[in-house]
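Dear colleague,

I am handing over the structure below, and would ask you to look it over before reading the notes that follow.

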Amino acid sequence: GNGGGNGGGNGGTHKRLESLQLLNFQVQDYMWQRLVVSIATSSLLQHVQERYHVRDLAQTITAFGPKHFSPNNERPLLYFQVLLLAQEFELALDYLVQQHRQVDAVHFALALHHYGALRVVGENDPVQFNYVPNTYGLCDSERRNFDYLQLVSGYVQSFSKWWPGRAADYYVMLEGPERIRCLTDLIVKTRNHNLLTVLVGSPYDDHKSVLEELLTEEEYLSCMESSATLAQHQGECDVSVTLYHRCKKYTHAMAVLNKELSSVMRPTVPKERRDYIEGMARNFVRQGLSQVQRPRPNDHMFEHHSITLKRLLNMSVFFKRMESQEWSKAHEAAAQSRIVNVDASRMQHNVQETIRTSFNALDNVVKMNVALFLTEYMRCLYELFQFNVNGQAPSDTLRQTLHEIRRRADIVFQHAVCIQGQQYQFSTDDQNKLMKYLSLMKL
């Protein structure tokens, strides 16, 4: 009766259960018998010491350890099931990974985490444990929290390179800043253009991408901007431009393009690299800027970067024409870049001040190549001068043409003189070339 059930008020329930060892039961019978006892004793309000908790069962199970349930590892899932029944979810997942069943562990973890049953790293859990089981790396044996992020990200990284869309499905099930961090990393590492388009979308159509389907608009834009910034810092220019363009950060996209375009102007840069960057910039101007509704808050910066981009593209054309010795076309491209004001000598006010003001208004990415540009522009004028001298008979028209070429050469030289010094430094070699070409254009 009641006297036997209470065991004299001195832990009778526990004493009787200790006499019923696991060895005397089938595992499932033992587990269910203990769980029934736990339920039956939960209502003993006056005899708290008589209660049998699931935690008591868990302590017994972990004391036996996996070798008891599967001595030769012939039934690895049995210990996992027993731990689940004892509500030791973290230990169960840790053991499953140790048994090389990562796929099973990941999907169990996703379900447990979704329902809030998993104690993860970073959570402050006040529960105290009076036993310390053996663990295998993903579960802290003392605090009993589970490294959910390491499990999921480690699994996803095994296939994210080939299936980034599927990887995104897993990453969105993370929470907090780790969610955006993992998605950002995934985007930047997806270097295949077609896969990237499927993942983030194309700026040239309205089809929803994988991430647009999975995230809110605010999360999507935040993720895209973070990815673009990371790609920019890592030198992934094309990825960065695509991402900035996709989240409509046009000014940022042009800033990246301008910097890259400026860096490939030098003749020492491989032609393939120059053509690739220039092609990307032209495509952005042709298909991107033509459809842009100007952003009002940063309109002045937008205008500045768009003018700089077009100026750099004209400079790029100029250098290409110089390489192919198309002097007339090179001269046209140089004029369109508007770096040299060929009408400066006709102005009534201070010419030097006008040149310095125009130079100061240029973006730094343009200034980086001004010395090379002015030197090559002077060579272009010299070649045009020589072409006309050698190709035409003396006439008033020829003299007028040569005079105009020489006038422009003087203006180019004047630009070099005005900006040399505190504002800009020309190399000795560039200075010598400028003076040499100018001196050879004798009328």
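The buried residues of α8 pack against α7 (89–98), α9 (148–156) and α10 (164–171), where helices are DSSP runs of H or I with at least four residues, numbered from the N terminus, and contact means heavy atoms within 4.5 Å. This is a predicted model, in which local features need pLDDT of at least 70 and side-chain atom pairs count only at pLDDT 80 or more, while totals for chains, interfaces and linings use all residues. Residues are numbered from 1 along each chain as its sequence is written, and side-chain values use heavy atoms, with hydrogens and water left out.

The residues buried in α8 are A105, V106, A109, L110, L112 and H113, buried being under 20% relative accessible area, exposed over 50% and partly exposed in between, with a 1.4 Å probe and protein chains only. Just after α8, G116 takes a positive phi of about 75 degrees.

Turning to the aromatic rings, the count comes to 12 pairs; rings of Phe, Tyr and Trp (its six-membered ring) pair if their centres lie within 6.5 Å, and planes under 30 degrees apart count as stacked, over 60 as edge-to-face and the rest as tilted. One of them joins Y79 and Y95, whose ring centres are 5.0 Å apart with planes at 85 degrees, so the pair is edge-to-face. Because Y79 lies in helix α6 (residues 76–85) and Y95 in helix α7, this pair ties together parts that are 16 residues apart in sequence. Both Y79 and Y95 are buried. Ring pairs also link Y155, F159, W163 and Y170 into a cluster.

Methods: Helices (H or I, at least four residues) and strands (E, at least two) are DSSP runs, numbered from the N terminus.
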